[in-house]
Amino acid sequence: MQHKIHQAQILMDALPYIKLFNKKTIVIKYGGAAQINPELKEQFAKDIVLLYLVGIKPIIIHGGGKKINALLDKLDVKSSFVDGLRVTDDQVMEVVEMVLSGSINKEITTLLNHHGAKAIGITGKDANFIHARPMDDGKYGLVGDITKIDKKVLKHLMREKFIPVIAPIASGDTVDHPGYNINADLAASKIAVAMKAKKIIFLTDTPGVLDKEGNLISSLDKTKIKALKKDGTISGGMIPKLDACLETIRGGVECAHIIDGRVQHSILLELFTKDGIGTIIKE
């Protein structure tokens with residue numbers, strides 16, 4: 001009986017947070033091990049369905065770098081990186097779209113639908129809802145900067161109770177344009193701002209932002225981030241992720257979270273417990 005009472009208490013502890021986020025939009029950037037490990041994929045889908053069933057409005061944006069690399073190698077298609085970004089020519093773009101919209105996107109929507117949600121997979125090309133231009137005057141080929149998001153498309157889907165699952169590919173200016181490959185973190189940030197989301201959550205393969213001793217930093221703001229960049233505590237791939245967080249907050253989103261997607265139910269632990277498990281970024 002005590003075990004059952006404890007289970008009920010866990011639900012009651014989550015109640016204030018469920019009430020707080022009810023009918024609110026939460027954008028989730030889905031990547032890392034949570035997107036690869038079969039057990040974590042199942043748990044992620046169940047967590048999203050729970051959010052959906054208690055009245056929260058999730059929007060999912062996913063990447064797929066590891067699967068793109070694997071298919072490029074299999075097809076013997078050469079690609080290079082400049083400043084950490086994949087240079088995307090027409091041939092690489094074809095593989096990127098094949099993996100993101102044809103494989104990963106449908107896998108996520110299938111899992112969500114199987115567990116009781118009503119998910120729909122789209123790219124920025126669908127209804128032309130994401131437009132882009134070449135990043136840095138085409139330095140990276142078909143890697144794009146988002147110029148416009150037609151939020152009416154997402155709002156219509158969500159009014160019909162769909163969970164949008166978005167592959168970060170944007171429309172070009174002409175009918176024969178192959179489209180633009182968009183960094184998934186930046187796409188999530190732009191979509192969160194356009195949709196006036198309550199929160200944005202980045203699933204990663206790290207517990208959050210760590211100090212020089214490897215300890216979790218539970219909260220950050222722009223001043224602390226600037227200082228930690230300057231002393232080298234924040235470096236590498238964490239820099240663009242935190243830049244995306246700050247851009248989102250400047251755009252009106254209340255806060256951003258960087259959490260460990262390798263932890264089962266990490267989204268629920270972050271949203272429905274007092275202290276969370278990752279790093280929260282506020283203005």
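Reply: A definition to start with: helices (H or I, at least four residues) and strands (E, at least two) are DSSP runs, numbered from the N terminus. With that labelling, Lys 196 lies in the loop between α6 (184-194) and β11 (199-204). Note that this is a predicted model.

Me: OK. What is the phi of Lys 196?

Reply: It is near 50 degrees, a positive value in a residue other than glycine. Most residues other than glycine have a negative phi.

Me: Is Lys 196 buried or exposed?

Reply: Lys 196 counts as exposed, because its relative accessibility is 65% and the cut-off for exposed is over 50%.

Me: And what about Asp 76, which phi does it have?

Reply: Asp 76 is not a glycine either, and its phi is positive, about 55 degrees. It sits in the loop between α3 (65-74) and β3 (81-82). At 54% relative accessibility, Asp 76 counts as exposed.

Me: Now the core. How many residues are in the largest nonpolar one?

Reply: It has 85 residues, and Leu 112, Ile 267 and Ile 281 have the most contacts inside it. Helix α4 (residues 90-114) gives this core its largest share, ten residues. In soluble globular proteins, nonpolar side chains tend to be buried together.

Me: What does Leu 112 contact, sequence neighbours aside?

Reply: Leaving out neighbours within four places in sequence, Leu 112 is in contact with Ala 45, Ile 48, Val 49, Ile 60, Ala 117, Ala 119 and Val 165.

Me: How many cavities are there?

Reply: Three of 30 Å³ or more. The largest cavity holds about 60 Å³ of space. Its lining includes Phe 44, Asp 47, His 265 and Ile 267. Helix α2 gives the most to that lining, with four residues, and α2 (38-53) and α9 (266-272) each supply at least two. By class, the lining has six nonpolar, five polar and one charged residues.

Me: What about the largest pocket, how much space is in it?

Reply: About 1000 Å³. The lining has 34 residues, and Lys 29, Gly 65, Asn 183, Ala 184 and Asp 185 lie nearest the centre of this pocket. Elements giving two or more residues to the lining are α3, β4 (85-86), α6, β11 and α8 (238-250). The largest share, five residues, comes from α3. The lining divides into 13 nonpolar, twelve polar and nine charged residues.

Me: And the second largest pocket, which residues lie nearest its centre?

Reply: Thr 25, Lys 57, Met 158, Arg 159 and Lys 161, out of 16 lining residues. The space in this pocket is about 390 Å³. Helix α5 supplies the largest share of the lining, four residues. By class, eight lining residues are nonpolar, two polar and six charged.

Note on methods: Residues are numbered from 1 along each chain as its sequence is written. This is a predicted model: local features need pLDDT of at least 70, side-chain atom pairs count only at pLDDT 80 or more; totals for chains, interfaces and linings use all residues. Side-chain values use heavy atoms; hydrogens and water are left out. A nonpolar core is a set of buried Ala, Val, Leu, Ile, Met, Phe, Trp, Tyr and Cys residues joined through side-chain atoms within 4.5 Å. Buried means under 20% relative accessible area, exposed over 50%, partly exposed in between (1.4 Å probe, protein chains only). Contact means heavy atoms within 4.5 Å. On a 1 Å grid over the protein atoms alone, a cavity is a set of points where a 1.4 Å probe fits but cannot get out, and a pocket is an open set with protein on both sides within 12 Å along at least five of seven lines; lining residues have an atom within 4 Å of a point. Grid points are joined across faces, edges and corners, and a volume is the space filled by probe spheres set on the points. Ala, Val, Leu, Ile, Met, Phe, Trp, Tyr, Cys and Pro count as nonpolar, Asp, Glu, Lys and Arg as charged, and the others, Gly among them, as polar.
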